[in-house]
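Subject: Structure handover

Hello,

Here is the structure I promised to pass on. Please open it first, then read my notes below.

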Amino acid sequence: MLAACFVAYLAVLEGFLAVPQFNDIVQIRPASALGPVLGLFFGLPGVFGCATANLVSDILHEGATPFMLAGYFMIQIMYNGLPRWVWYLVNARSPRPYPRFDSASKTALYMALVLVDSACVNLAVYLFVGAPPESGPSFAARGLNNVWMLLYIGLPLLYALERSPLMPNPPRWIHVPYRNIKKANLTQRFVILFVIASALLMLLVSVLVIAFASGDEESLQTVVHTMFHEAAILIVPIFLPMFAFLHILERRFTRPIEVLALDQQTFIERMESDVEQGRRDMRIAVDERGTKPRYEIAELYESTNKMRRDMVGFIERLYSVTAERQRTATELDGQTDPDERRAARLRLAHETLRARYRRLHAPGT
């Protein structure tokens with residue numbers, strides 16, 4: 001796994017470094033999304049595999065001293081590993097601790113880690129290199145590149161890894177078994193659709209800017225840096241409404257449907273067990289578990305609860321009729337007098353007719 005992460009990172013990094021417009025002018029680094037994402041999913045093999053590939057690339061292109069190379073290597077390890085450690089610390093007690101964007105809170109956590117990780121690595125490089133103040137715009141562009149790559153490449157990449165047969169490698173303090181759930185819920189579909197649509201829009205804007213910008217290298221660099229900053233400013237009006245919509249969608253629609261599906265899978269077994277044991281304190285209604293179903297979802301909850309009440313009543317009547325039949329059959333087998341056997345048969349037929357009458361006139365039938 002370490003070798004696979006090494007090869008993937010080095011291939012993407014070297015491929016974009018081979019294009020001067022992506023390297024010296026605008027500093028577009030799609031490989032900056034691979035390290036944190038592969039580290040979050042695969043653990044130490046992803047962290048060290050990507051960091052080693054970045055070290056090899058620095059040796060080939062930077063011409064730095066061994067001390068500088070060692071410093072860049074440690075900073076890259078921090079950049080790749082910080083999201084992983086913070087993610088699993090926050091989700092240490094969660095029943096679903098693995099990186100899966102099936103809720104608004106997990107998506108918000110990932111985006112917060114993106115911002116914090118980019119700021120930390122930028123600050124670490126700035127302090128380590130001791131760059132002059134005039135290099136501030138270059139550092140800002142590099143940090144914004146990390147943010148956008150982790151959003152527009154990192155999210156789809158994690159989505160693809162989750163649906164692959166590969167297994168994540170959690171820290172030792174995570175003891176929850178991993179379930180490879182390949183079916184995406186509504187929240188995941190919306191997140192991925194939004195991210196892909198935003199990425200395509202940003203790509204289109206970038207192509208138009210590069211196509212119509214002046215051929216002067218300095219002018220093109222200024223235009224691209226301006227575009228980076230404008231895109232950073234737009235993050236508030238774009239992503240905050242998305243989180244608000246995701247929260248409403250999850251609380252009123254997505255989560256209630258998931259809770260209903262999970263509760264329905266075990267309801268029949270619980271109901272039969274309670275009836276057999278003669279328990280009357282059955283939890284018939286669906287446990288909403290903090291959700292607030294609305295509109296058609298609320299009607300679905302009400303109709304499901306009514307169906308469950310009718311089903312429980314029918315099962316109780318069925319058990320009582322069966323018990324009465326067994327009792328009457330036992331009495332019938334024990335009778336030797338023909339008149340008593342005939343009377344027992346009449347009682348059995350009478351109980352059968354009463355059971356059929358109650359079933360036909362039961363509520364909801």
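The lining of the largest cavity has eight nonpolar residues, no polar ones and no charged ones. This comes from a predicted model. The residues around that cavity are P36, V37, L40, P83, Y110, L113, V114 and L150. Two helices, α3 (34-42) and α6 (104-129), each supply at least two residues of the lining. The space inside is about 50 Å³. A search of the whole structure finds one cavity of 30 Å³ or more. As background, rolling a probe the size of a water molecule over the atoms shows where empty space is left.

Next, the fold as a whole. The protein chain has 12 helices and zero strands. Read from the N terminus, its elements run α-α-α-α-α-α-α-α-α-α-α-α. The chain has 365 residues, and 41% of them are buried.

Helix α3 deserves a look of its own. How many of its nine residues are buried? The count is nine of nine, so α3 is mostly covered, with buried meaning under 20% relative accessible area. Those buried residues are L34, G35, P36, V37, L38, G39, L40, F41 and F42. After α3 comes G43, which has a positive phi, near 80°.

Now to the surface. A nonpolar patch there is formed by L2, L44, F48, W85, L89 and W173. Together these residues have about 580 Å² of accessible area. The elements that give two or more residues to the patch are α4 (44-61) and α5 (66-90).

L44 sits in helix α4. Is L44 buried, partly exposed or exposed? Its relative accessible area is 43%, so L44 is partly exposed: the value falls between the 20% limit for buried and the 50% limit for exposed.

V7 belongs to helix α1, which covers residues 2-17. V7 counts as exposed because its relative accessibility is 52%, and the cut-off is over 50%. How far is the C-alpha atom of V7 from that of T52? The two atoms are separated by 10.0 Å, while V7 and T52 are 45 residues apart along the chain.

Best wishes

Conventions:
Residues are numbered from 1 along each chain as its sequence is written. This is a predicted model: local features need pLDDT of at least 70, side-chain atom pairs count only at pLDDT 80 or more; totals for chains, interfaces and linings use all residues. Side-chain values use heavy atoms; hydrogens and water are left out. Patches are made of residues with over 30% relative accessible area and no salt bridge: like charges are joined within 9 Å, nonpolar side chains (Val, Leu, Ile, Met, Phe, Trp, Tyr) within 5 Å. Accessible areas come from the Shrake-Rupley method with a 1.4 Å probe; for residues, only the protein chains shown count as cover. A salt bridge is a side-chain nitrogen of Lys or Arg within 4 Å of a carboxyl oxygen of Asp or Glu. Helices (H or I, at least four residues) and strands (E, at least two) are DSSP runs, numbered from the N terminus. Buried means under 20% relative accessible area, exposed over 50%, partly exposed in between (1.4 Å probe, protein chains only). On a 1 Å grid over the protein atoms alone, a cavity is a set of points where a 1.4 Å probe fits but cannot get out, and a pocket is an open set with protein on both sides within 12 Å along at least five of seven lines; lining residues have an atom within 4 Å of a point. Grid points are joined across faces, edges and corners, and a volume is the space filled by probe spheres set on the points. Ala, Val, Leu, Ile, Met, Phe, Trp, Tyr, Cys and Pro count as nonpolar, Asp, Glu, Lys and Arg as charged, and the others, Gly among them, as polar.
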